[in-house]
Amino acid sequence: MHEEMHRLSGKPSSPPSPPPGNCWDACGSKGGACDEFCGEGYACCQGGFDDPHPCPKSLPTDRDYHFCVPAAADDGHWFPGKHLMQGMEEVKEALTSSPLPPAQPPSPPPPPPPLPANCWSACGGKGGACDDFCGEGQACCQSGFGDPWPCPESMPDSLAALDFHFCVAAAPPMPPSPPASPSGGWILG
């Protein structure tokens, strides 16, 4: 991303970061400025050592060796380094000189499905089979109204709250009634 910001800004890239690892031997076994190994604006320092300026006065002491760090400000306090600050200015300039396209507003939610048509009058003021208005395999029914077959015993939750008759899929055919006994009672098997 750092290189992309430089490409967008049209400016050359900042100097590379200092090499990782121990800089003590490469810097002549001493702490302080070491442009030859650490690079311009960096110094070879170790937290807890009394290294000379431009080593920062307070560095973390979690490393037991000298390593390249951004040089301290003139007052001796740790400063992120001019390269880092220069890099931040380049990023800011790149972001403000190439504006992003305006954000699109979110899409509105889809409209609710239309309510089914009231079939009561068209079906003769009664519930049940009504092929002329509802079509074959449909019935004019209302949830909880007690309409005869082929109205289903229960409605889908999305339709159960409607307080009028509407066309729904007809219930499956009822099983045939068992034959009556000669005495008019049922024959039990």
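Trainee: Buried means under 20% relative accessible area. Going by that, is C151 buried or exposed?

Mentor: Keep in mind that this is a predicted model. C151 has a relative accessible area of 7%, so it counts as buried.

Trainee: What does C151 form a disulfide with?

Mentor: C151 is bonded to C141, with the two sulfur atoms 2.0 Å apart. The torsion about that S-S bond is about -95 degrees, so the disulfide is left-handed. C141 sits in strand β5 and C151 in the loop between β5 and α5 (157-160), so the bond ties together parts that are 10 residues apart in sequence.

Trainee: And C141, what's its relative accessible area?

Mentor: 0%, so C141 is buried.

Trainee: How many disulfides are there in total?

Mentor: The count comes to eight. One of them joins C45 to C55, sulfur to sulfur 1.9 Å. About its S-S bond the torsion is about -90 degrees, so this disulfide is left-handed. It links C45 in strand β2 with C55 in the loop between β2 and β3, 10 residues apart.

Trainee: Are C45 and C55 buried or exposed?

Mentor: C45 is buried at 0% relative accessible area, and C55 is buried at 5%.

Trainee: What about C38, what does it bond to?

Mentor: C38 forms a disulfide with C68, S to S 2.0 Å. That bond reaches from helix α2 (residues 35-38) to strand β3, the two cysteines being 30 residues apart. The link is left-handed, with -70 degrees about the S-S bond. C38 and C68 are both buried.

Trainee: Switching to strands: what order does the sheet with β2 have?

Mentor: The order is β1-β2-β3, an open sheet with antiparallel pairing. The edge strands, β1 (32-33) and β3 (67-70), each pair on one side only. Two bridges join β1 to β2 (residues 42-45), and G32 partners C44 while A33 partners A43. β2 and β3 pair over four bridges, with Y42 opposite P70.

Trainee: Which β2 residues are buried on each side?

Mentor: Y42 and C44 are buried on one side, A43 and C45 on the other, leaving both faces of β2 covered.

Trainee: And β5, which sheet is it in?

Mentor: β5 belongs to an open, antiparallel sheet of three strands ordered β4-β5-β6. β4 (128-129) and β6 (166-169) each have a single partner strand, so one side of each lacks a neighbour in the sheet. β4 pairs with β5 (residues 138-141) over two bridges, and A139 in β5 is the bridge partner of A129.

Note on methods
Residues numbered from 1 in each chain as written. Predicted model: local features only at pLDDT ≥ 70, side-chain atom pairs only at ≥ 80, totals over all residues. Heavy atoms only, no water. Pairing = 2+ DSSP bridges. Buried < 20%, exposed > 50% of the residue type's maximum accessible area, 1.4 Å probe, protein only. Disulfide = S-S within 2.5 Å.
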